[in-house]
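Here are my notes for a colleague who is meeting this structure for the first time. They are set out as numbered points, to be read with the sequence and the structure at hand.

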Amino acid sequence: ATRIVNQTRREVETAKLYGQYQLLEKIGQGARGTVYKAKHRLLKRPAAIKLIRNEIAHQSTAVASFEHEVQLSAELNHWNSVQLYDYGRTDDGDFYYVMEYLEGETLHERISRHGKLASEETVNFISQVCDGLQEAHLKGMVHRDIKPDNIFLANNMGQPNVVKILDFGLAAMTNETDRLRIVSGSPCYMSPEQIRAQTLDERSDIYALGCVIYECLSGQVLFGGDSINELFAQHLNQEPSLEGLPESARAFHDIIVECVEKDPQSRFLNVTALKHRLGSCI
């Protein structure tokens with residue numbers, strides 16, 4: 001009975017029109033939203049539509065967070081950010097937004113498939129992330145959830161491995177003090193100040209990037225624990241061991257260490273400085 005009810009709900013949902021777009025199939029789901037492949041009714045252009053999940057659609061805080069994500073995403077125009085096409089509400093009150101449809105895989109999937117990445121690939125991918133984040137940081141945004149799952153390697157306009165930064169659902173402006181002080185993020189990549197619910201800036205994203213660089217090159221997370229509390233304790237107090245770095249990637253050692261300094265003032269000043277240093281590794 002449950003299967004039939006869920007199937008009926010999906011059929012009703014995909015039959016709806018969201019602006020000029022019709023849903024085709026579900027392609028992803030996160031904590032707050034579900035993403036569908038869609039097409040424009042007239043142009044037949046593929047797109048992706050993100051809907052707030054039914055389970056939380058009645059929660060005013062969830063709707064406000066969803067709208068906040070849309071507003072921040074709409075500010076970004078960089079090649080390495082996902083382009084927003086449209087957003088709105090249906091007559092039934094469903095809030096949605098439409099973005100470019102991406103073909104490819106996440107960085108997490110690429111690492112899982114290959115075990116670890118070459119130095120050249122790592123520099124290419126992280127440099128593109130730096131380019132995309134630079135625009136966000138210059139506009140006063142902190143992403144707060146940089147991780148391999150939120151870095152997409154797209155086949156875009158015939159060009160492979162174009163990085164797209166996903167999911168600005170946890171992003172905040174540096175002047176949104178209350179929002180920044182809410183502890184949220186992915187435990188394996190959270191900076192010490194993020195865990196402590198302190199005021200954040202772009203150097204928190206740089207900390208996460210250091211964790212991602214190590215994971216690209218070694219195929220393993222920088223800090224691993226059996227519980228969130230254990231992970232948090234390692235981020236706060238433990239110096240990272242970089243023993244998993246292959247000999248061919250030793251040039252990255254000092255870069256990763258500087259990214260993941262406990263004190264944000266000891267990290268790279270910005271993503272431009274990080275990208276410049278990465279260029280010296282190949």
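1. C281 counts as buried, because its relative accessibility of 14% falls under the 20% limit used for that term. The model is a predicted one, and the count of disulfides in it comes to 0. C259 takes part in no disulfide, the nearest cysteine sulfur being that of C130, 8.0 Å away. C281 is likewise in no disulfide, and in its case the nearest cysteine sulfur belongs to C259, at 10 Å. C259 is itself buried, with a relative accessible area of 0%.

2. In soluble globular proteins, nonpolar side chains tend to be buried together.

3. Leaving aside neighbours within four places in sequence, R203 is in contact with E193, P264, Q265, R267, F268 and L269.

4. Helix 8 (residues 228–237) may be read by its two sides. Its buried residues are L231, F232, Q234 and H235, and they lie on the same side of the helix because they cover an arc of only 160° around the axis. On the other side of helix 8, N229 and N237 are exposed. The buried residues of helix 8 pack against helix 6 (192–195) and helix 7.

5. In what order do the 6 strands of the open sheet stand? The order is 1-2-3-4-6-5, and the pairing is antiparallel. Strand 1 (17–18) and strand 5 (84–89) stand at the edges, each with a single partner strand, so that one side of each has no neighbour in the sheet. Strand 1 is joined to strand 2 (residues 21–29) by 2 bridges, and L17 stands opposite Q22 in strand 2.

6. Strand 3 deserves a separate reading. With 6 of its 8 residues buried, strand 3 is largely enclosed by the rest of the structure. Strand 3 pairs with strand 2 in the antiparallel sense over 7 bridges, K26 standing opposite Y36 in strand 3, and a hairpin joins strand 2 to strand 3 through 3 residues. Strand 3 and strand 4 also pair in the antiparallel sense over 7 bridges, and the bridge partner of G33 in strand 4 is I52. These two strands, strand 3 and strand 4, form a hairpin with 5 residues between them, and K44 in the turn has a positive phi of about 60°.

7. Helix 2 (residues 60–73) packs on the sheet, where it touches strand 3 (33–40), strand 4 (46–52), strand 5 and strand 6 (95–100). The direction of helix 2 makes about 25° with that of strand 6.

8. Not counting residues up to four places away in sequence, S81 touches L76, E100, G132, E135, K164 and I165.

Terms used:
Residues numbered from 1 in each chain as written. Predicted model: local features only at pLDDT ≥ 70, side-chain atom pairs only at ≥ 80, totals over all residues. Heavy atoms only, no water. Disulfide = S-S within 2.5 Å. Buried < 20%, exposed > 50% of the residue type's maximum accessible area, 1.4 Å probe, protein only. Pairing = 2+ DSSP bridges. Helix = DSSP H or I, 4+ residues; strand = E, 2+ residues; numbered from the N terminus. Contact = heavy atoms within 4.5 Å. Axes fitted to C-alpha atoms, helices over the stretch in contact; angles between N-to-C directions. Arc of directions from axis to C-beta.
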